[in-house]
Amino acid sequence: MKKCLTTLHLVSGYLLIALFFSANVSLARGTYQTNDEFLAQSFEQSIPAPKMVWLTGDRKQTVKNILNHDYPNLRIRYWQNAAISAWILDEIGKEHPITVGIVVKDGAIQQIRVLAFRESRGDEIRHAFFTRQFEQLSLTDNDQLNQKIDGISGATLSVRAMQRLATLALFLDSETR
Amino acid sequence: MNLRIASFQPLALSLLVTASQPCIADDTPSQTDMWEIIQQQQTEIEALKGSDSTGGNTGQASQTSHTSIGGYGELHYNNLEDNDGARKKELDFHRFVLFFGHEFSDHIRFFSELELEHSIAGDGQKGEIELEQAFLEFDINQNLRARAGIFLIPVGILNETHEPNTFYGVERNPVEKNIVPATWWAGGAELAGSFGQGFSYNIGLHEGLNTSAANQYTVRKGRQKTSKADVHDLAATGRIKWAGIAGLELAASLQYQEDMTQGNDSQAGNAVLFETHAVFDRGPFGLRVLYAQWNLDGDGPEAVGADEQNGFYIEPSYKINASLGIFARYNQWDNQAGNSSDSEKSQIDIGLNYWPHPDVVLKVDLQKQDYDSGTGELEGFNLGIGYQF
């Protein structure tokens, strides 16, 4: 047992030293899918030209109610054809923004993906076992998701950020149809 | 008369147009000028369409600032009575915490947590200011990150996630407090990675504990808090976690330290911490179970029974609705489990959390302790409010 633990000690030390020597080389981003890849996957034929939805008046207030804060921009870009709309949205979980791609079809979520995760914990939300829960969810009359999402221990804030963005995409899709 | 007027109309109009032409020519851009203006405007429109900062989101951290601020806090009221009838009535702003984070680039970021405990810090005061987190994080690749600085040790349930609205009970559970010992942070470096569907791991090298025979080798009193910490003997910590089903987390941590007294006690020996836990949330039902054990190898800890220090708790809970939840918890721990002395302690908690907002919580619980020693047992109730942002 002691030998095993000493080995753990040495291995961790070696890894960390190697890390410091490698820290100055080019580092890859914590990005799981680029925006272009997400859009290409969402729109099989051709990606439509982006449109803008302005956050003004009642729409702005509803967005604030969904997020519990103002959206940091005055307008939101989206991509839409006759069948689906695609949204790439940012929301902070605890300290840093999480980028999520959402596809809405017929008023329900068809697909949701974490494109970039920048928080220190909680990246389990990117896995399919979690994102599958969102598929086919729609909005209730009072702009809530129509089913409860089972969370992930230690990722409470990331889970809630994703729920807010899913709600926001569904609401904005209804506004632009 | 009408004919005469009509015959003059073309002439009058002609004169009017002729007279006004120089004036129009002076104030109105030419067609060429107009075309240039239109082109300039179109260029600006295209620039706006492609701009991150003017309103169109790009999905690339389009927040207006790369620096973020957050925090949490909790106020506690304890109304407890011990075996001798002495009553503790205390109001304490237990924790006031601010987070500061900054994103230097897409792959380098900073996290920090600055905490004021018990409202006032300084000479003769009951509180203290603590820097519990301050680390840089580097993305190595999609599934591997490196951290260096002060970070929370990856052990237990509450040590890394302890915002008051995320757990039941006014006070943090005594098992993680006395055995893990939460909140436990240290200076060093670690790798955090993930693989497969829901597996993640941490492996780190950091400052160790520095306890002593005078403290009966109690692990909690060995935290150095990266304050001119003695690092003659570093500690290595590893954790493997699986969260491959929504609502379920299974994890195990292992830590090794060659000498928990940093070479100050030849009888101390090495120390190993093993901790494992499960968290399960499905619908309204919740369950948390944790077990932790320290093994201290030296003759010194063995002489006072501190060669084994262990504890466990089990906490079922039920959410009546999105705003109200109830829980019960049984805690048992022993910092001198290595001998036959009456050192085992247990505590039962029952209570509820009310969330008027997901980030705001009101808490109440009943507490009853049972110590083998028969002294120091506290019984009564606690109230608390907490928030995070």
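In this predicted model, A:K51 lies opposite A:Y78, a residue of strand 2 of chain A. Strand 1 and strand 2 (residues 75-80) of chain A run antiparallel and are joined by four bridges.

These two strands belong to an open sheet of five strands in chain A, ordered 1-2-3-4-5 with antiparallel pairing. Strand 1 (51-54) and strand 5 (108-116) of chain A each have a single partner strand and stand at the edges, so one side of each is left without a neighbour in the sheet. On average, and ignoring direction, neighbouring strands of this sheet are turned by 30° against each other.

Two helices of chain A pack on the sheet, as tabulated here.

| Helix (chain A) | Strands touched (chain A) | Angle with the direction of strand 3 (chain A) |
|---|---|---|
| Helix 2 (residues 35-42) | strand 2, strand 3 (84-92), strand 4 (97-105), strand 5 | about 150° |
| Helix 5 (residues 156-176) | strand 1, strand 2, strand 3, strand 4, strand 5 | about 145° |

Helix 5 of chain A also packs with helix 3 (residues 57-67) of chain A, at an angle of about 160° and with the axes 9 Å apart. Because angles over 145 degrees count as roughly antiparallel, helix 3 of chain A is roughly antiparallel to helix 5 of chain A. The crossing of helix 3 of chain A with helix 5 of chain A is right-handed.

On the helix 3 side of this contact in chain A are A:R59, A:T62, A:V63, A:I66 and A:L67, which meet A:R164, A:T167, A:L168, A:F171 and A:E175 of helix 5 of chain A.

How values were computed: Residues are numbered from 1 along each chain as its sequence is written. Chains are lettered from A and ligands numbered from 1 in the order in which they are written. This is a predicted model: local features need pLDDT of at least 70, side-chain atom pairs count only at pLDDT 80 or more; totals for chains, interfaces and linings use all residues. Two strands pair if DSSP finds at least two bridges between them. Axes are lines fitted to C-alpha atoms, for helices over the stretch in contact, and angles run from 0 to 180 degrees between N-to-C directions. Two residues are in contact if their C-beta atoms, placed from the backbone, lie within 7 Å. Angles under 35 degrees count as roughly parallel, over 145 as roughly antiparallel, 65 to 115 as roughly perpendicular and the rest as oblique. A crossing is left-handed if the near helix is turned anticlockwise from the far one by less than a right angle, and right-handed if clockwise.
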